[in-house]
Amino acid sequence: MSHRYRWVFLAGVVVALSGCLSTLPTTVDVNGPLPATLPPLAQTLRATIAPTNLVPAQETAVPASTMTATAAIIVATPPPATAAPPTPTLAPAPTLILPTLPVLSNEERWRLQQINRQIFPEPRLYTTKRSELYWYDPVNQQPVLIGIINGEFMAQATFTFRENNQPSLEVPYHVNHSYGLSALSPALIERIRAAGYDEWIETFVFLTPDVQAKG
């Protein structure tokens, strides 16, 4: 190529580059609209770098509904119940059934005081220098002194008196008539009547050395 044409070619290239540079922006806004003349490389970068809205970690908030539900769970959950120890069950006490004692007559009460009572086939005559004559009150269940006898008396049975375990003779007594004992007190007569007796009662004397069988 001749020297003249070479200069003409270079001048044309400079003019073309000047036109391109005048249309190229000096700064590129990746978030704004792309210019029509943006090179392919800039379009690729804009598509790659997407705007991201970042929330600082310290500003992250829990939804109000979640907090309300958590508070409701805390309030509504009751404390664990304390199990009370079982109350011991006591076995019922056995029912005691006491035997019913038979109702005794006054005669039977008197007989219970006579151990090993032996009735004579016929009344026997005894004599004493001094003996106490007793009557057993079945109502008050105690021996009562009738009086002191001496001389002869009749006995119809022998037995052992339960209270003192002493041998005794059973002596029939006509109230206020026999053995010179004819002045019994009204109180004693009333006790005899209360026991169900009238003119005759069974009395007794203790069989001591002063008492002797006659005949």
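Colleague: How many residues sit between β2 and β3 in their hairpin, and which one in the turn has a positive phi?
Modeller: There are four residues between β2 and β3, and N165 in the turn has a positive phi of about 55 degrees. Strands here are DSSP runs of E, at least two residues, and helices are runs of H or I, at least four, numbered from the N terminus. This is a predicted model, where local features need pLDDT of at least 70 and side-chain atom pairs count only at pLDDT 80 or more, while totals for chains, interfaces and linings use all residues. Residues are numbered from 1 along each chain as its sequence is written, and side-chain values use heavy atoms, leaving out hydrogens and water.

Colleague: How many bridges pair β2 with β3?
Modeller: Five, in the antiparallel sense; two strands pair if DSSP finds at least two bridges between them. F159 stands opposite S168 in β3.

Colleague: Switching to charges, what does E170 meet in a salt bridge?
Modeller: R111, at 3.6 Å, N to O. E170 is in strand β3 and R111 in helix α4 (residues 106–112), 59 residues apart. A salt bridge here is a Lys or Arg side-chain nitrogen within 4 Å of an Asp or Glu carboxyl oxygen.

Colleague: Is E170 buried or exposed?
Modeller: Buried, at 0% relative accessibility, whereas R111 is partly exposed at 25%. Buried means under 20% relative accessible area, exposed over 50%, and partly exposed in between (1.4 Å probe, protein chains only).

Colleague: Which Glu in β4 does R111 pair with?
Modeller: E202, with the closest N and O atoms 2.9 Å apart. E202 lies in strand β4 (residues 200–206), so the pair ties together parts 91 residues apart in sequence.
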